[in-house]
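Please look over the sequence and the model shown below before reading on.

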Amino acid sequence: MVENKNILEVKNVTVSFDGFKALNSLSLEIKKSQMIAIIGPNGAGKTTLQDVITGKTKIDNGKIYFKNNDLSQFSEHAIVELGIGRKFQRPTIIENISVWDNLCIALNTKKTFLSCLLTKLKQKDLNKLLEIINTINLEEKKNLIAKNLSHGEKQWLEIGMLLMQESDLLLIDEPVAGMTETETKKTSDLLLNIAKDRTIIVVEHDMNFIESLNVEIIVLHEGRVLTRGNMNSIKRNKQVIDVYLGR
Amino acid sequence: MKIIIKFFYVILVFTNLNYLLANNNNLRNHILELDTKDFKKKIVSIEKISEIKTDLSLLTLKSILNGKLFIRKSDKKILLVEIIDRKYNIYDFFNEKELGIEKKRKLKKIKINNKIRSILNNKIALLQLSSGTTRQKIEAIFDVIKEGNQETLIIINELLLKEKDKELLLNLNLAKNSIIAKFGTEIEKIEAIKNLSGITNNNIVNILRSIVNDKIISENIKLEATKSLEASLRNIKLNNIIKTTFFGLSLGSVLLLAAIGLAITFGVVGVINMAHGELIMIGAYCAYVVQQIIPTNISASIIVSIPVAFIFTGFVGILIERLIVKNLYGRPLETLLATFGLSLILQQTVRSIFSPLNKTVYSPEWMSGITRIGGLELTNNRIVIIIFTLIVFFIVVYILKKTIFGLQMRAVTQNRKMASSMGINTKKIDMFTFAFGSGLAGVAGVALSQITNVGPNLGQNYIIDSFMVVVFGGVGNLFGTFIGAFGLGLGNKLLEPYVGAIVSKIFILLFIIIFIQFRPKGLFSLKGRIANE
Amino acid sequence: MNKQLTENKKSLITNIFLLLGDTTGKYLITILIISIFLLPILHIYIPEDSYTISLLGKYLCFALLALSLDLIWGYAGILSLGHGAFFGLGGYMMGMHLMREIGDRGVYGNPELPDFMVFLNWEKLPWFWYGFDSFLFASLMVILVPGLLAFIFSALAFGSRVTGVYFSIITQALVFTLMLAFFQNNFGFGGNNGLTDFKDILGKDISSKETRGALYICSAFMLILGYLICRIIISSKIGNILVGIRDRETRMRFLGYNTTVFKIIIFTISAVLAGIAGALYVPQVGIINPGEFSPIKSIEIVVWVALGGRGFLYGAIIGAIVVNVLKSYLTIISPEIWIIFLGLIFILVTIYLPNGLTDLRRLIKRYYGRK
Amino acid sequence: MYKFLKIFLFSIFFLNFFNLKADTIKVGVLHSLSGTMAISETTLKDTVLMLVEKQNKAGGLLGKKLEAVVVDPASDWPLFAEKAKELLTVQKVDVVFGCWTSVSRKSVLPVFEELNGLLFYPVQYEGEESSKNVFYTGAAPNQQAIPAVDYLAAQGVKKWVLAGTDYVYPRTTNKILESYLKEVLGVSSDDIMINYTPFGHSDWQTIVSDIKEFGMAGKKTAVVSTINGDANVPFYKELGNQGIKAEDIPVVAFSVGEEELSGFDTSPLVGHLAAWNYFMSAESEVNDAFIEDWIKFIKDDKRVTNDPMEAHVIGFDMWVKAVEKAGSTDVDAVRQAMYGISVPNLTGGTAVMNTNHHLTKPVLIGEIQADGQFDIVWSTSGGVIGDAWTDFLPDSARIVADWTSPIKCGNYNIDTGKCSGQNYE
């Protein structure tokens with residue numbers, strides 16, 4: 001009964017790179033269709049956490065359960081099929097093909113060689129494409145080669161690609177880094193908009209942005225959870241202040 | 001009284017002169033007898049010549065051996081000939097008077113074949129046992145061991161008394177024992193054979209073998225001989241193991257030399273330089289050219305050509321970097337194509353400048369011949385090259401680790417952006433790094449000119465191996481290149497005795513392919529940015 | 001909106017027609033088809049002409065080879081410095097069949113063994129020569145052997161995430177290994193001399209004008225086929241996926257693509273195409289020997305593609321043809337220094353035309369555009 | 001693009017009609033000027049050019065001037081075939097002088113037979129071939145290998161090392177020698193060591209020290225080397241370095257001539273042998289004249305002459321003589337005229353073309369001197385007739401070559417009484 005409430009359970013996971021413990025027996029649960037923000041100083045283990053969840057980095061010990069599946073059993077692309085999507089810090093889209101094609105290849109269909117060769121686009125897929133390209137409001141740029149997009153647009157396109165995957169858990173790393181005010185605003189709207197029917201983990205430095213999202217916050221420090229709670233409680237938390245002021 | 005003395009004196013002089021003249025006369029006759037196609041006759045007259053134990057007869061034998069003794073067809077005059085680029089400068093054999101230049105057609109060379117050559121060597125050896133340098137003497141002793149007999153034994157005994165040099169005495173004793181083992185009395189023989197036990201010199205081993213296989217010889221001699229022989233064979237086995245390792249090391253050092261420049265251009269600048277082999281080739285030609293400029297002193301020319309090659313190829317490297325590579329940074333695969341085109345050009349250019357034929361690069365004295373460590377025989381040029389390689393390698397390491405240039409170079413390797421933001425002029429570093437790598441290729445070329453042919457194709461034989469070494473060791477990691485080179489070299493040589501040259505090479509290649517599967521970034525992969533994608 | 005709809009409703013069939021959307025491809029194929037009808041007739045009716053056709057045939061084989069390389073390098077970003085391996089293997093498979101067809105007409109008149117085996121005192125035919133008497137078996141092998149090798153090799157390499165330069169170098173190691181192996185006389189493939197002295201193919205005299213014409217037609221046809229196959233692949237969704245793998249492999253993985261499998265499949269397809277090219281090449285030049293496995297030759301293939309324009313299928317074809325035509329002409333016009341010309345061209349193109357001759361075309365277009 | 005292709009296609013077809021007017025006699029030269037074989041073949045190209053020039057100075061041939069057509073097959077065997085075709089069909093040459101390696105010859109053979117061309121092949125080779133369209137002016141195995149072995153045996157050699165590069169010429173030669181040593185000289189098989197190395201093998205340490213060990217064990221030993229071109233320099237250097245003297249273990253080579261020796265310092269190698277049909281040191285007026293011409297032509301008095309050059313000289317003179325005799329350059333007429341034709345060779349004798357398309361030549365054995373030249377220490381009294389099919393291999397012993405009637409074929413099987421192989425009428 002616990003399981004079906006929590007979509008992701010990280011159970012005292014440890015990862016160390018030659019001696020240095022990036023994650024130090026870290027544990028946390030995340031409920032279904034909840035948006036959560038992870039903050040923490042550099043080296044707190046934010047990126048590593050995402051790496052282990054997406055199977056990019058192998059775990060030394062501990063377990064991670066996603067929808068009750070032990071993720072250590074799955075390879076990267078299999079984990080994706082389970083429904084975890086990841087957005088990198090720097091926008092990683094396929095620069096040399098059009099916006100539309102980027103979304104197409106993100107489309108959640110059978111992803112074997114043959115099916116990619118033979119299957120054509122179905123009506124419902126097409127509608128979905130159009131719907132999402134609207135949500136990330138790039139529809140008038142859909143035939144543009146992706147590398148010609150602005151930084152913000154690239155970020156949205158990548159988010160759009162995650163949406164195409166219909167993943168239940170999105171890991172989003174610093175979405176607004178280097179964005180203009182307006183872009184930041186748009187982005188937060190976009191996230192809140194898509195957060196309705198899926199779980200999202202946002203990793204971000206920009207406090208104002210997180211505040212604007214106003215969601216539960218997890219503070220990481222030295223590879224373990226320092227505390228979690230809403231913005232106000234975090235702001236008042238002494239440890240957090242120490243960590244951030246570096247005392 | 002005075003008169004009488006004078007008279008005697010005159011007679012003395014006369015007889016003496018007569019004696020000498022007589023000698024020279026029959027020496028001349030014997031030499032003229034050598035003017036025949038029949039080598040058996042030649043042998044006879046050479047025996048006769050060697051019986052005249054004068055300096056002139058020794059000179060005769062030597063000049064026959066060196067192919068300097070000629071006879072003028074017209075007047076049957078005996079001549080010494082110095083051939084300096086196809087010009088025949090002739091001298092009177094008896095009074096060394098220079099007689100100018102003569103046409104080849106007018107002269108007749110006194111030809112010898114291997115049989116005569118070995119006879120001559122032996123005769124000269126005997127004469128040289130008493131005269132000549134220590135080295136000559138030792139060589140002479142080994143000649144004696146081959147076909148020693150009682151008469152040589154006498155000479156050796158004399159020498160044993162008056163020689164001081166330790167090594168010389170050692171070898172003399174060997175020779176003595178080897179002869180006694182053949183001709184001595186039973187007790188002497190056993191004694192001698194005991195002393196020969198464990199010696200790995202081929203001739204001595206053969207003597208022991210022949211004794212063992214001897215039907216009529218007494219049992220206890222045979223027994224002793226078998227013991228000694230077994231000891232020797234054991235040592236030979238041991239030596240062979242050491243030898244194989246040595247071969248491996250020297251092959252490794254050649255690979256390292258060829259690869260080290262590539263490791264730098266490839267690892268640091270991230271340029272796949274297909275013309276690297278041609279840079280090596282240019283280095284070798286530098287050695288050739290320098291030797292043309294100072295033909296008199298070979299050692300000097302080799303020493304000089306090392307910096308010359310380094311600077312020249314380095315300069316070529318700068319040109320390549322400025323004209324081609326500069327435009328292609330961040331596109332390593334394109335550099336591969338451009339430099340491939342370049343390698344074609346360089347090859348053909350060299351071909352049209354120096355002709356497609358191989359060029360002679362002479363080896364200095366200290367790089368030829370063999371060094372004997374106990375029974376072990378190691379070739380000098382290989383020893384020199386191994387040492388040279390190590391020196392070069394450590395200099396390179398020093399430059400990378402201890403100098404500003406090296407520091408900046410490593411900075412650029414690991415994080416170009418960071419480096420440039422720290423105010424390092426990465427463009428410049430790239431240029432000098434490339435030049436440095438090219439220069440090293442040139443140095444390698446000089447070394448290779450000592451063991452292989454200096455021709456337009458020199459480079460091609462090494463480029464692939466160099467790539468294998470660098471990739472195997474891990475791009476951008478000099479130490480990896482070091483281990484890679486010696487690892488592959490040793491592996492190749494340890495396999496060769498069992499499977500042969502070709503198959504061992506195939507195995508090595510397959511090994512690399514498999515190995516890369518387990519360490520996709522080579523033996524020692526570099527953290528951070530590496531020449532990749 | 002509707003436009004989008006139709007544009008994206010691409011079925012397999014429409015794919016084929018779509019390729020005629022790319023003008024140059026259209027031209028190429030038209031030329032090839034015309035040549036199929038024109039050249040053999042010309043060839044038979046010009047009595048002096050005995051080699052132009054097989055020369056052109058040879059170019060087409062090289063074009064197919066270049067095409068196969070462009071498929072993996074231009075699109076999936078996999079640079080193989082050892083594609084000659086598959087070309088050569090395909091060639092050897094065909095060569096072996098042709099050797100068997102000689103039968104007892106070898107110089108020793110031995111019905112059992114090829115000549116080179118006779119004078120190396122082979123008692124009996126080695127097992128790996130069995131079956132090559134049948135053309136079908138041989139042509140099956142032409143596809144299987146290179147395909148299988150490529151599959152195993154790439155499965156190993158991509159499976160353990162060998163990428164970039166490292167992959168290129170081990171492909172080079174592969175081709176170099178094959179060269180050394182085939183050079184060995186006791187390896188059973190004729191050593192340095194390779195396989196030669198062919199007599200017939202499918203019972204027809206191999207040097208008759210008709211056969212030559214037929215071989216040309218086959219080559220042209222295979223080239224068209226190869227082009228279509230590649231075109232279908234890259235104009236389908238896979239085209240984008242391959243580009244994705246080339247530019248951002250991690251992203252593709254996080255999109256749920258098993259990029260390894262994609263790479264293996266595409267690499268194998270490319271190898272098979274190369275093998276077929278080799279098989280067509282051998283009967284037209286009349287010899288196959290380990291020289292085809294020399295690493296330098298494999299690099300040359302890369303140069304053709306780069307010259308013609310990496311990432312444009314027709315570019316590869318044009319590149320292969322241009323370089324080899326240059327080779328054929330220069331080797332007789334200026335035998336002494338032609339290689340220097342060739343080298344210069346390589347350098348200039350790589351520096352100034354990053355997309356090869358296709359850039360040239362674009363430049364010309366722009367030039368006329370200004371007028 | 002389309003335009004370009006159109007132009008290219010047409011030009012190729014028109015090429016065929018360019019060279020129809022023939023006011024000169026065309027001599028094709030098919031030698032690699034680039035790639036690995038350039039080192040050996042470039043010299044032969046120059047030789048032919050020199051001969052053509054000389055012939056033109058002497059008033060040409062049949063009142064026409066000779067014109068040399070040089071192509072570069074770039075050490076690429078299929079390209080050899082292509083270039084041969086081009087020479088014969090596009091350039092319409094009347095004769096071709098060319099090829100060095102066996103594989104290049106094998107690759108052009110079908111072309112010459114199909115188009116009925118005429119090829120003069122100047123290099124010593126493994127035999128086992130006699131094509132209607134090829135004249136082999138180099139040595140056959142019985143004109144090089146076997147006399148050399150006889151000579152060494154006479155010098156008291158009891159153990160033999162057969163070292164060669166792994167390709168067809170050494171394989172065949174060694175096979176012939178092996179059976180010759182065993183059957184004729186009665187050498188036991190454990191007194192024979194056979195070793196093969198890849199092309200351009202550069203690290204000889206192991207092999208040379210093996211040879212040393214094999215050779216120092218009592219019996220007099222000799223090495224018969226069929227090591228090819230580039231690999232020789234490192235091999236000989238290693239010999240010198242490991243102190244193998246010619247008196248201890250003589251090495252007799254079949255592919256090492258003056259030109260190979262000019263590539264390095266021979267002083268450590270004095271006394272090692274080579275067997276050829278010509279040495280630069282041969283004492284004859286014609287030879288001196290030839291050397292003078294050559295040095296004048298090549299403008300470099302360091303350059304040497306070698307056996308394949310002589311082969312081209314003989315071949316060229318024979319062809320000229322045959323053309324004059326036939327009164328035309330028609331291939332069939334010339335071929336008929338070639339049989340029994342004789343010209344002076346450079347060593348003071350005469351070379352005769354036999355009906356098996358091989359020459360009668362003297363066999364010389366020379367010892368390497370410090371100046372990179374050979375001293376001739378032995379030579380056959382008269383000429384030796386080149387034998388296309390060796391008598392020491394069971395399969396080829398049964399085959400003879402004779403291109404005159406009644407046999408009229410290159411490989412006539414005595415047992416079955418019929419011809420096999422592609423090259424019979």
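What radius of gyration would a compact globule with 371 residues have, and what does chain C have? The globule would come near 21 Å and chain C has 22 Å, so the two agree, where the radius is taken over C-alpha atoms and the rule is 2.2 Å times the number of residues to the power 0.38. This is a predicted model, in which local features need pLDDT of at least 70 and side-chain atom pairs count only at pLDDT 80 or more, whereas totals for chains, interfaces and linings use all residues. Residues are numbered from 1 along each chain as its sequence is written, and chains are lettered from A and ligands numbered from 1 in the order in which they are written.

Along the principal axes, the C-alpha atoms of chain C fill a box of roughly 75 × 50 × 45 Å. Of its 371 residues, 58% count as buried, that is, with 20 or more other C-beta atoms within 10 Å of their own, C-beta atoms being placed from the backbone.

Chain C also meets chain B, where 37 residues of chain B are in contact with 36 residues of chain C, contact meaning that C-beta atoms, placed from the backbone, lie within 7 Å. The largest share of the chain B side, 13 residues, comes from α13(B), helices being DSSP runs of H or I with at least four residues and strands runs of E with at least two, numbered from the N terminus.

In chain D, 7 strands form an open sheet of mixed pairing, in the order β7-β6-β8-β9-β10-β14-β15, two strands pairing if DSSP finds at least two bridges between them. Strands β7 and β15 of chain D stand at the edges with a single partner strand each, so one side of each is left without a neighbour in the sheet.

Key: Two residues are in contact if their C-beta atoms, placed from the backbone, lie within 7 Å. A residue is buried if 20 or more other C-beta atoms lie within 10 Å of its own, exposed if 12 or fewer, and partly exposed in between; C-beta atoms are placed from the backbone.
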